[in-house]
Amino acid sequence: MDKFLLQQQVLERLAEDLLQAEQAVRAAHETATHEENIAENKYDTLGLEAAYLATGQARRAEAIRQAMANWRQFRPRPYDAIQGIQLGSLVCLVDSDDKQHQFFIGPDGGSMKLVSGAQRVQVISSEAPLARAIQGKCEGDEVSLQIAPHRQQFEVLRVL
């Protein structure tokens, strides 16, 4: 699995998200400033609500731009068994049911799911609880993570 290709997929997905966010900003701004939405009394709040929405969407767009900048600057390094799992690692974990899970630890983009060949890869932020739990671990190490009321056990199967 090629980390560079995964990084490109992340950037493409973020670019799509940014386009959608910018369209939402424009639509909310147009609604907020449209002459038919000028408040006629204190209960007429459509324009105000649209302005709040436009502000929120603009913040979302800025967060996506920042994530894109972080991913463009990101240079994943090859796995070093001395340091263990770090930012940029591509990790295969196996759970107690022998199900394999692929994770790519990046600077941003938690919960983004990608496909590489026939394998699904979930991008997780280096700040995610799972990423923090596996940081420094090596192939063959066990990882235990409390998720809501359940404790999950994983074994590090492979790291790239």
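The briefing below goes through these topics in turn.

This is a predicted model, and the positions, distances and angles given here should be read with that in mind. The description begins with an open sheet of six strands, in which the pairing is mixed, then turns to three aromatic pairs, and ends with Q57, a residue of helix α2.

**The sheet and the helix across it**

- The six strands of the open sheet follow the order β3-β4-β2-β1-β6-β5, and their pairing is mixed.
- At the edges of this sheet are β3, covering residues 112–116, and β5, covering residues 142–147, each of which pairs on one side only.
- From one strand to the next, the twist averages 40°.
- Strand β2, made up of residues 100–106, runs parallel to strand β4, made up of residues 119–125, and five bridges join the two.
- Within this pairing, F103 stands opposite Q122, which belongs to β4.
- Helix α1, spanning residues 3–33, lies across β1 (90–95), β2, β3 and β4, and its direction makes an angle of about 135° with β3.

**The aromatic rings**

- A pair of aromatic rings is described by the distance of the centres together with the angle of the planes.
- The structure holds three aromatic pairs, and among them is the pair of W71 and F104, whose ring centres are 5.8 Å apart and whose planes stand at 50°, so that this pair is tilted.
- W71 sits in helix α2 (residues 46–73) and F104 in strand β2, and this pair therefore links distant parts of the chain, 33 residues apart.
- W71 and F104 are both buried.
- The rings of F74 and F104 also form a pair, with centres 6.3 Å apart and planes at 55°, and so this pair is tilted.
- Because F74 lies in the loop between α2 and β1 while F104 is in strand β2, the pair ties together parts that are 30 residues apart in sequence.
- F74 and F104 are both buried.
- Through these ring pairs, W71, F74 and F104 are linked into a cluster.

**Residue Q57 in helix α2**

- Q57 is found in helix α2, and its relative accessible area of 17% is the reason why Q57 counts as buried, the cut-off being under 20%.
- Apart from its neighbours within four places in sequence, Q57 is in contact with A21, A24 and V25.
- Q57 and V121 are 64 residues apart along the chain, and their C-alpha atoms are separated by 28 Å.

Notes. Residues numbered from 1 in each chain as written. Predicted model: local features only at pLDDT ≥ 70, side-chain atom pairs only at ≥ 80, totals over all residues. Heavy atoms only, no water. Pairing = 2+ DSSP bridges. Helix = DSSP H or I, 4+ residues; strand = E, 2+ residues; numbered from the N terminus. Axes fitted to C-alpha atoms, helices over the stretch in contact; angles between N-to-C directions. Contact = heavy atoms within 4.5 Å. Phe/Tyr/Trp six-rings, centres within 6.5 Å; stacked < 30°, edge-to-face > 60°. Buried < 20%, exposed > 50% of the residue type's maximum accessible area, 1.4 Å probe, protein only.
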